[in-house]
Amino acid sequence: MPKTKTTVYLDEDVLRGAKVMAARTGKKDYEVVEEALRAYLGMEVLDRVWSAADMPEDEALRLAVEEVHRFRSGSS
């Protein structure tokens, strides 16, 4: 996945902790921050679910659109 450069403002202690963790694990600072954000956002769970899904994209989209219409109409 391509990376995008960004600027964030972090508490000095948080940044220091990320740098220490990076040094201890042999990773780059941004890798530690990205891993922490992914864990906080629950993205590894989504990645596992998406990788296990074997439904074609067009079928998944069709089901999603049907569900939105069903929700908007008030039917369950």
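## Helix H4 and its end

Glycine 74 follows helix H4, and its phi is positive, near 90°. This is a predicted model. H4 covers residues 57-73, which makes 17 residues. At 1.5 Å a residue, the helix should span 24 Å. Its end C-alpha atoms are 24 Å apart, so the two values agree.

Aspartate 58 is found in H4. Its relative accessible area is 60%, so aspartate 58 is exposed. Arginine 62 and glutamate 66 are four residues apart in H4, about one helical turn. Their side chains meet in a salt bridge, at 2.2 Å from N to O. Arginine 62 is partly exposed at 38% relative accessibility. Glutamate 66 is partly exposed too, at 33%.

## Salt bridges between segments

Side chains of opposite charge can pair when their charged atoms come close. The structure holds eight salt bridges. One of them joins lysine 3 to glutamate 34, with the closest N and O atoms 2.9 Å apart. Lysine 3 sits in the segment before H1, while glutamate 34 is in helix H2, 31 residues away. Lys3, Glu34 and Arg38 are linked in a network of salt bridges. Lysine 3 is exposed at 55%, whereas glutamate 34 is partly exposed at 25%.

Lysine 19 bridges to aspartate 29, with the closest N and O atoms 3.0 Å apart. Lysine 19 lies in H1 and aspartate 29 in H2, so the pair ties together parts 10 residues apart in sequence.

## A nonpolar patch

Val8, Leu10, Val14 and Leu15 make a nonpolar surface patch of about 330 Å². Leucine 15 belongs to helix H1, residues 12-25. Its relative accessible area is 35%, so leucine 15 is partly exposed.

Note on methods
Residues are numbered from 1 along each chain as its sequence is written. This is a predicted model: local features need pLDDT of at least 70, side-chain atom pairs count only at pLDDT 80 or more; totals for chains, interfaces and linings use all residues. Side-chain values use heavy atoms; hydrogens and water are left out. Patches are made of residues with over 30% relative accessible area and no salt bridge: like charges are joined within 9 Å, nonpolar side chains (Val, Leu, Ile, Met, Phe, Trp, Tyr) within 5 Å. Accessible areas come from the Shrake-Rupley method with a 1.4 Å probe; for residues, only the protein chains shown count as cover. A salt bridge is a side-chain nitrogen of Lys or Arg within 4 Å of a carboxyl oxygen of Asp or Glu. Helices (H or I, at least four residues) and strands (E, at least two) are DSSP runs, numbered from the N terminus. Buried means under 20% relative accessible area, exposed over 50%, partly exposed in between (1.4 Å probe, protein chains only). The expected span of a helix is 1.5 Å times one less than its number of residues.
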